[in-house]
Amino acid sequence: MKNSPIVFPFFEYDYLAAAIHTKTEYEIGKIETHEFPDKETVIRINTPVKDSQLIFISGLNNPNPKILPLILAAETARDLGATQIGLVAPYLAYMRQDTQFRAEEGISAEYFSKIISHYFDWMITIDPHLHRISSLSQIYDIPTRVLHATGPIASWIKNNVTRPILIGPDSESAQWVSEIAKIIDAPFLILQKQRLGDKSVRISIPDIDQYQDYTPVLVDDIISSAETMIAAVHHLTSLKINTPVCIGVHAIFAGDAYKHLLNSHPARVVTCNTIPHVTNDIDISPLIVQALLS
Ligand code: R5P
């Protein structure tokens, strides 16, 4: 068996493969996807993988068009002799469908975990949405490792924001907001959120009077429709305190969400590069390199 794993980036994740290569000297593998006229695809793995361990890198935002090529690539690699295939998924999809919300629905987080567990030998991800499912081991059958962006976010706030007060837009955000506040020794508040629909969110007005001289920093794990952030920005600006900074771990920004968020006039919108986006200013690649090497 070869010693060093081969890294295969998928879907715009070359930047992460390059960062891993720089620090580890792991080879970056060559792979191509050919699309036939009928839109079926064939994967060609141009780097020899026989007896090798592989690391696939792909965020799983917009998951449906990504999952089949990843499965085809994994199966191709095994047929070509790869001995082990791990998945680095900086954003893990379907974790918000973690319960049966309606009688006629299922629990997609569980179904998705079965697919990943079937085709991959291990997985590393960053801040998956663990809420009603408290640990990935509850639903994943393979070894999983969860990394946290709290350290890089704390460093960014420390270097870029004067007198921050951290604000979590809902109870789920308390886990990372309290951790970041602890690292940088800043106060924090958690708001009450009521979700009225896919694109409709109501947020309660916090008791923030004592923090007039602070800069509010909203921190959430996922910015998808951005309605959570927008509702929080509107409430905070109506309180006539300093304009809030918005930080998200995962920059999904579905449809026009980014434009809508900018229209609410936050001081700044910043995200981690778990999903490539123009707002990426917090680098999580050191976390992944460290996890691969430990
Ligand atoms: C939900 O519980 C999450 O922590 C986020 O607050 C939520 O996913 C954000 O979604 P959206 O941007 O669609 O409001």
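In this predicted model, R163 sits in the loop that runs between α4 (150–160) and β9. R163 isn't a glycine, yet its phi is positive, at about 45°.

Next up is helix α6, which spans residues 227–238. Its twelve residues stretch 16 Å from the first C-alpha to the last, close to the 16 Å expected at 1.5 Å a residue. The buried residues of α6 are T228, M229, I230, A231, A232, V233 and L236. Their cover includes the strands β9 (164–168), β11 (193–197), β12 (200–203), β13 (215–223) and β14 (245–251), along with helix α7 (257–263). After α6 comes K240, with a positive phi near 60°.

Finally, there's a helix pair to look at. Helix α1 (residues 14–24) packs against helix α8 (residues 285–293) at an angle of about 50°, and their axes lie 10 Å apart. The angle therefore makes α1 oblique to α8, and the crossing is right-handed. On the α1 side, L16, A19, I20, K23 and T24 make the contact, while α8 brings in S285, I288, V289, L292 and L293. Sorted by type, the residues in this contact are seven nonpolar, two polar and one charged.

Conventions: Residues numbered from 1 in each chain as written. Predicted model: local features only at pLDDT ≥ 70, side-chain atom pairs only at ≥ 80, totals over all residues. Heavy atoms only, no water. Helix = DSSP H or I, 4+ residues; strand = E, 2+ residues; numbered from the N terminus. Expected span 1.5 Å × (residues − 1). Buried < 20%, exposed > 50% of the residue type's maximum accessible area, 1.4 Å probe, protein only. Contact = heavy atoms within 4.5 Å. Axes fitted to C-alpha atoms, helices over the stretch in contact; angles between N-to-C directions. Parallel < 35°, antiparallel > 145°, perpendicular 65-115°, else oblique. Left-handed = near helix turned anticlockwise from the far one by under 90°. Nonpolar A, V, L, I, M, F, W, Y, C, P; charged D, E, K, R; others polar.
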